[in-house]
Amino acid sequence: MFAAGRETQGAIARRLGVSRQSVMRWYRAWRKGGRPSLRAAGRAGRKPRLAPEQMGRVEMALRQGPRAHGFRTNLWTLPRVARVIQQLTGVQYHPGHVWRLLGALDWTLQRPAKRAEERNEAAIQHWKTTRWPAVKKTLAGAAPGSSSRTRAASPSGRRSAARGRPAARRPS
């Protein structure tokens, strides 16, 4: 694009959907080092500590479930996942960072429904059908009212003795 010289940097930016500053930076790099200088610099940031095959092993272990790895309940927590990662790969992660690894594996947060084991569904249904209708508030008991204190029919407003303008006070 730069070599042809037919388009302005603004037109190139619009066509590629980038800022003009990026195109100007690319142009300077191209002028200085030619086409090879426009190659991507590579991955930014720290390299991942787990290789893709290690991540695959971790995912397979997670799919086996927590009980397969010696945990008493069938619920994955971040500290548990961190422990399994360390056992499988020897790499130690902080439980707070494990969340990012799970996101990379397309795992999402799922909370179990919190219901007591002693829950009695029959008693709950009976209460809903017999007791709840008696306790529930209804609109029939409420009378229309006004929140305005200036309204004449307002029960909370003060009433004056006489209508009209108040009488003038006499000097004492």
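**Helix packing and salt bridges**

Glutamate 7 is partly exposed, at 34% relative accessibility.

Trainee: What does glutamate 7 pair with in a salt bridge?
Mentor: Arginine 15. This is a predicted model, and in it the two side chains meet at 2.5 Å, N to O.

Trainee: And arginine 15, buried or exposed?
Mentor: Exposed. Its relative accessible area is 51%, and the cut-off for exposed is over 50%.

Trainee: How many salt bridges by this rule?
Mentor: Three. Arginine 63 forms one with glutamate 59, with the closest N and O atoms 2.9 Å apart. Arginine 119 forms one with glutamate 121, at 2.5 Å.

Trainee: Where do arginine 63 and glutamate 59 lie?
Mentor: Both are in helix 3, four residues apart, or about one turn of the helix. Arginine 63 is exposed at 61%.

Trainee: Arginine 119 and glutamate 121, how exposed?
Mentor: Arginine 119 is partly exposed at 37%. Glutamate 121 is partly exposed too, at 44%.

Trainee: Switching to packing. At what angle do helix 3 and helix 4 pack?
Mentor: About 130°, with the axes 10 Å apart. The two helices are therefore oblique to each other. The crossing is right-handed.

Trainee: Which residues make that contact?
Mentor: Helix 3 brings Gln54, Arg57, Val58, Ala61 and Leu62. Helix 4 brings Val81, Val84, Ile85, Leu88 and Thr89. By class, that is seven nonpolar, two polar and one charged.

Trainee: What about helix 1 and helix 2, how do they cross?
Mentor: At roughly 115°, with axes coming within 8 Å. Helix 1 passes helix 2 in a right-handed crossing. Residues in contact include Ile12 and Leu16 of helix 1 and Trp26 and Tyr27 of helix 2.

Definitions and conventions
Residues numbered from 1 in each chain as written. Predicted model: local features only at pLDDT ≥ 70, side-chain atom pairs only at ≥ 80, totals over all residues. Heavy atoms only, no water. Axes fitted to C-alpha atoms, helices over the stretch in contact; angles between N-to-C directions. Left-handed = near helix turned anticlockwise from the far one by under 90°. Contact = heavy atoms within 4.5 Å. Parallel < 35°, antiparallel > 145°, perpendicular 65-115°, else oblique. Nonpolar A, V, L, I, M, F, W, Y, C, P; charged D, E, K, R; others polar. Salt bridge = Lys/Arg side-chain N within 4 Å of Asp/Glu carboxyl O. Buried < 20%, exposed > 50% of the residue type's maximum accessible area, 1.4 Å probe, protein only.
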